[in-house]
Amino acid sequence: MYYFYLAIQKHTFVHLIFKKLKTKFKIKDYIFNFKNDLTTIKLEKEIVLISLFLVFFLIYSLFKNINFFLNDFSSLYISQATKDGVDVTKRVQLFYKAFFSTFILIPLVYFGLYKLVRKFKITTEHLSLPLIFSCTGIFLIITDILNIQSDKSILVSLLIVCISLLPMFILKNPKQRKQFNILLPITLSISLVILTGLLFLFNSNNIFNNYSVELYLTISITLTVLIILIRKTFGIPSKKQLGYLLPLFLTPAIIFLSIELLFLIKLKCDFFIPYKKIFLALMGLSFIIIFILKSSNNFNYNTLKTSRFFFVPSALFSFLLLIHYTPIVHQPTDVFELANPANALMRIFTFKEIPFIDFMSSHMFSEQFYGILYNLIFGNSNDLSFLTFDFLYVFIFVTIVYIFLIKILENPFLILAFIIFMPFLINFFSIHLMYGVLAFFAVQKLIKKQTIRNYTFLFVTLIALILWRLDTGSATLMATTFFLPFAFFSKRKKISFRPMIISLMVLVVVIAIIIILTYLLSPSGYLVDNFKTALHYISANQAHGYTNIFTGTNHQFYIYHVLFPVTSILFIFYILYALRNNLLLAPKTSNYAIMASLFFYLIYIANFQRGIVRHGFIEGTDSFSASTFYLATSLFLFSLTKAIHIKWKYILFFSLSFSLFLFLKYFPIENDKSDSEKFLSSQTLKNFDDNLNTQNFKGRVSGKKEYAEKNYAQIKHFLNKNFSKEQTFLDFSNTPMLYYYCQRKVPSYFCQNLQNTVDDYLQEQHLKNITQKKVPVVIFSNYPKNWFDNTDGVPNEMRQYLMAEYIFDNYEPFGIMNNHSIWIAKNINIENNNREIDTLCLKPQIHNYKKAALAISNHFKDKNYSGLVPIFSSSINTNFISIDTSIAKRKNLFLEINLESAHNNDTYIIEFFQNSTKISTTTFTSQTKESNYMIRVSNHYLWHKKTATHLKITQKKKKNTNISHITFYSDKRYEYQNTNNY
């Protein structure tokens with residue numbers, strides 16, 4: 001037995017040696033073949049991009065979570081990094097490991113994939129879907145590196161690449177591969193809808209919430225396999241099977257309907273209905289209806305059209321629903337911007353006022369429509385429940401983007417992928433200005449056929465956009481004014497003036513009839529006054545603009561404010577030249593893209609003023625100054641390409657859009673989750689069932705009770721206890737949301753009453769609506785004062801001086817409520833109940849006019865001092881000047897100061913006293929060769945409270961002033977008397 005064992009071992013040993021030698025020769029042959037393959041290998045663009053994605057994903061996964069904690073103590077270095085526990089060597093190693101790993105893996109993965117593709121005879125056409133998602137995945141990895149979380153979205157891209165790639169190795173028939181490539185995008189879209197339905201039904205189930213990626217891919221694979229199996233087994237075409245799934249497109253609408261029905265019944269009957277059962281019942285009903293229609297042969301199904309108009313839009317709306325629709329909102333803390341929609345709704349539904357006629361909000365109808373819709377359905381709730389419908393603004397925006405991209409990307413599935421995975425979508429397409437593309441559609445229609453109807457459609461669209469949102473409408477109107485003749489010029493067509501003039505005349509007549517009827521039904525002068533008020537506000541750039549639009553020096557500032565506009569102008573000229581001379585390489589797609597590029601360059605120029613008035617670099621934002629530049633440039637570069645396959649159109653446009661935005665943007669992108677990541681990991685309906693628990697449910701606005709206690713409950717109780725519902729207050733604290741929370745009428749044409757009252761005329765109009773009987777209370781200021789009392793460094797008492805003096809003359813401090821100083825009319829007697837008193841208003845205030853003192857003087861000089869009456873003039877021999885009793889405590893008073901010789905940036909200080917007690921301080925800055933300066937004296941509370949005895953004028957840098965004389969002027973333009981009309 002022993003010898004037998006040895007023989008076996010020897011034999012085994014010989015066998016193993018032989019086997020290894022044989023393997024060695026095979027390896028040599030393989031190496032030889034590999035060398036030959038290298039000489040014949042070709043670069044295939046599709047395989048390159050797929051390989052890059054696979055390599056980047058591998059490197060990204062390996063190195064993403066590496067930390068730089070110091071745990072190697074073999075050597076000791078006392079340094080900053082050591083103090084902070086950071087291993088610098090690890091940081092260096094990370095870079096080189098990633099670099100060399102990528103360098104080695106790219107050719108290896110490419111070669112392996114290339115061999116497989118060639119072995120299985122897979123054509124580049126069959127690689128369209130993995131190519132598209134490989135490109136998308138690469139950009140999502142970049143997005144995640146930029147700290148815009150996209151982990152699950154990257155995983156989805158990888159798995160879709162695998163799902164779309166693996167069947168190519170299994171299915172050998174080219175026809176089957178083609179059918180699979182057509183089927184998979186549709187099933188991916190439908191699966192997104194099904195996933196939305198499941199996340200809705202199981203919103204509080206952690207398995208569904210935490211494994212949404214796995215669930216989505218399982219649904220996609222199962223649905224695809226089922227359709228293929230049913231087709232092979234029963235002979236039912238895929239087209240027919242998809243027809244039976246058509247009711248799924250109603251999923252987002254039925255989800256929304258069932259949730260809103262839940263709250264409607266709760267509001268009316270105070271109980272929760274089984275909303276999930278309603279959802280299932282409505283879905284079941286829709287399937288029955290489709291089945292009956294198909295059975296009766298009254299239903300025609302077209303795969304392409306149904307995908308474009310049903311499945312893909314349904315998937316898109318399902319996606320949007322779970323990232324923007326919030327059935328229960330948390331109480332917002334904003335007290336200023338929110339007043340535009342909130343006060344507008346209150347004025348419509350509580351006080352029966354008409355938008356644009358009785359009142360105006362800064363952003364017009366765009367921020368009112370969803371609240372109007374909500375209140376029409378649920379009634380006026382007097383809280384912020386209407387904000388649950390504000391997602392509709394984004395829905396309309398994305399719908400416009402979808403329609404716009406149809407002619408760029410053509411395939412609806414590619415548009416869906418672009419919208420879902422583009423991380424900068426809202427910024428790239430400029431969410432507010434994108435509505436202006438409706439005018440572009442109207443002009444495109446007009447170019448084809450110049451009819452009265454088409455011209456009317458264009459003009460009505462422009463008017464509607466102005467009423468929709470003022471900045472959008474004005475920018476679109478200006479852009480269209482140039483775009484329309486440019487479009488006809490480039491197409492070598494003449495403008496037909498006859499239909500244009502007829503259309504304008506009809507429109508003018510209709511508008512005139514509306515205005516006349518409104519005028520006749522309104523009080524005398526009411527409509528004219530409101531129209532003039534609106535014009536004063538709209539033209540008030542000087543009131544809103546910053547002194548500087550950028551601090552410091554930075555080349556990026558000049559790129560944005562010089563290079564971009566110049567580039568736009570040059571591209572506009574080139575576009576006109578290219579269009580007129582038919583220089584485009586691919587007429588059909590490129591023509592549309594380059595025309596759109598021209599339109600968006602014009603929008604960019606028209607909207608540029610917003611970035612140089614206020615909303616720009618000084619506020620840390622470049623979106624207003626860049627606006628549609630990224631989009632216009634992407635479209636321009638896209639239009640210069642030759643006719644290419646649809647998959648490359650997607651890759652090119654996505655790459656251009658992503659890269660231009662990322663490379664040209666200056667200010668940092670907010671670190672957050674991408675939209676696709678929000679859908680997969682933090683849907684708005686997540687744990688919705690838990691919120692409906694009897695103990696947890698606090699209404700559609702959570703946290704409102706706690707917010708009220710802190711911010712307005714005392715004020716509201718005070719008003720309700722002491723005044724009738726018809727009486728209101730004057731907000732002088734720039735907290736216009738108090739009107740909504742207290743449900744009191746806004747005594748102004750504007751919803752943000754104080755901030756929009758920007759000049760003397762508007763103050764006068766505002767004060768016409770004020771009487772002590774109607775307005776017995778003033779919310780004078782925040783307490784302590786904050787930015788809203790001193791907007792842009794200008795105190796409200798300086799900016800709205802006429803209103804301030806009216807308050808000083810007719811109202812007095814009462815007490816502090818909810819961190820606001822409350823004043824009441826002087827002829828009202830209400831017990832204070834030991835409330836805290838406003839002591840800040842009793843301190844001398846400082847008003848720094850800087851160069852505005854010169855502006856005031858020149859303003860009245862230009863008007864020949866119309867409305868101003870000199871009441872006292874005196875030469876100056878000393879710094880201290882006694883004040884005549886006829887001037888002390890006088891209302892509506894200006895002081896003019898005349899300098900003998902003025903120098904740049906000399907600061908003059910004027911202080912008023914009652915004996916030794918200071919009343920106020922006012923400063924201004926002089927300019928060379930300018931002798932006259934004027935300041936307001938009576939817009940200080942202590943001027944009305946005390947009796948001024950003398951004033952002191954000093955120059956900041958010198959002991960002796962060079963003032964020759966002073967003059968007091970009485971302002972007779974607006975003299976508001978305390979009529980004691982309570």
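Tutor: A residue is called buried when its relative accessible area is under 20%, exposed when that area is over 50%, and partly exposed in between, using a 1.4 Å probe and protein chains only. At 9% relative accessibility, Tyr 969 therefore counts as buried. This is a predicted model, in which local features need pLDDT of at least 70 and side-chain atom pairs count only at pLDDT 80 or more, while totals for chains, interfaces and linings use all residues. Residues are numbered from 1 along each chain as its sequence is written, and side-chain values use heavy atoms, with hydrogens and water left out.

Student: What describes a pair of aromatic rings?

Tutor: Such a pair is described by the distance of the centres and the angle of the planes. Rings of Phe, Tyr and Trp (its six-membered ring) pair if their centres lie within 6.5 Å, and planes under 30 degrees apart count as stacked, over 60 as edge-to-face and the rest as tilted.

Student: How many aromatic pairs does a search of the whole structure find?

Tutor: The search finds 100 aromatic pairs. Among them, Phe 440 and Phe 483 have ring centres 5.7 Å apart and planes at 45°, so this pair is tilted. Phe 440 lies in helix α19 (residues 437-448) and Phe 483 in helix α21 (residues 470-490), so the pair ties together parts that are 43 residues apart in sequence; helices (H or I, at least four residues) are DSSP runs, numbered from the N terminus. Phe 440 is buried, at a relative accessible area of 0%, and Phe 483 is buried, with a value of 0%.

Student: How are the rings of Tyr 865 and Tyr 969 arranged, stacked or tilted?

Tutor: Their centres are 5.3 Å apart and their planes at 10°, so the pair is stacked.

Terms used. Helix = DSSP H or I, 4+ residues; strand = E, 2+ residues; numbered from the N terminus.
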